[in-house]
Amino acid sequence: MASRLFALSASLALLSLLIPSAHGKSKTASFHVEEGSNNIYFSVNIKCDGDITAVSLMQTDSPYSRENGWQPLTHNFGTVWRFDPLDPTMPPFSFQITDSQNNKFVAKDVIPPNWKPDTVYTANLIQA
């Protein structure tokens with residue numbers, strides 16, 4: 001009896017490692033800053049597992065973002081999203097990505113203050 005209980009307990013522990021929980025899911029994403037991006041126009045090609053349905057950006061050092069939070073990006077085409085701010089941007093940038101199942105993931109400060117166009121940055125996305 002004890003050996004069966006131990007085997008069942010071990011099986012459940014192994015199964016819990018194989019099935020992701022609803023919270024704490026994570027995945028990796030790449031962010032290719034498109035050629036032509038600058039501090040008044042920002043375009044990024046985002047690649048990650050799953051379909052992206054919405055993207056928002058937060059400018060970590062911007063007083064506007066601190067007051068207004070996440071700012072939505074416009075879907076340009078394919079996996080490219082763009083941001084047309086009213087004022088020059090203030091990186092670093094964090095992204096909130098919504099997938100087709102309405103899960104939200106965050107990449108914190110993935111685009112650094114000294115970002116360059118035509119550069120790829122990668123980040124772990126943490127479920128919000």
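Begin by selecting β3 and β7, which pair in the antiparallel sense over seven bridges; strands pair here if DSSP finds at least two bridges between them. Strands (E, at least two residues) and helices (H or I, at least four residues) are DSSP runs numbered from the N terminus. The model is predicted: local features need pLDDT of at least 70, side-chain atom pairs count only at pLDDT 80 or more, and totals for chains, interfaces and linings use all residues. Residues are numbered from 1 along each chain as its sequence is written, and side-chain values use heavy atoms, with hydrogens and water left out.

**The whole chain**

Of its 128 residues, 36% count as buried, where buried means under 20% relative accessible area, exposed over 50% and partly exposed in between (1.4 Å probe, protein chains only).

Colour the chain by pLDDT, the predictor's confidence in each residue from 0 to 100. The average is 83, and 76% of the residues score at least 70. Where pLDDT is low, the predicted coordinates should not be read in detail.

**Along β3**

Return to β3 and select I52, found in this strand. I52 stands opposite D99 in β7. Beyond four places in sequence, I52 touches I46, W81, I97, T98 and D99. A distance drawn between the C-alpha atoms of I52 and Q101, 49 residues apart along the chain, reads 9.3 Å.

Then select strand β4 (residues 71–72), which pairs with β3 in the antiparallel sense over two bridges. The bridge partner of L57 in β4 is Q71.

Move on to Q59, also in β3 (residues 52–59). Is Q59 buried or exposed? Q59 counts as buried because its relative accessibility is 5%. Its side chain has a polar contact of 3.2 Å with the side chain of Q71. The side chain of Q59 also reaches the backbone nitrogen of M90 at 2.6 Å. A polar contact is a pair of N or O atoms within 3.5 Å; within protein, one must be able to donate a hydrogen and the other to accept it, and residues adjacent in sequence count only if both atoms are side-chain atoms.

**The nonpolar core**

Select F31, F42, F95 and I111, the residues with the most contacts inside the largest nonpolar core, which has 24 residues. Elements giving two or more residues to this core include β1 (26–33), β2 (42–48) and β9 (119–127). Such a core is a set of buried Ala, Val, Leu, Ile, Met, Phe, Trp, Tyr and Cys residues joined through side-chain atoms within 4.5 Å. Centre on I111: among the residues it touches beyond four places in sequence are P91, P92 and Y121.

**Backbone details in the loops**

The peptide bond from P91 to P92 is cis, with omega near 15 degrees. Most residues other than glycine have a negative phi, and most peptide bonds are trans.

Finish with two loop residues. N102, in the loop between β7 and β8, has a positive phi of about 65 degrees and counts as exposed at 58% relative accessibility. D118, in the loop between β8 and β9, has a positive phi of about 60 degrees and is partly exposed at 47%.

Key
Contact means heavy atoms within 4.5 Å.
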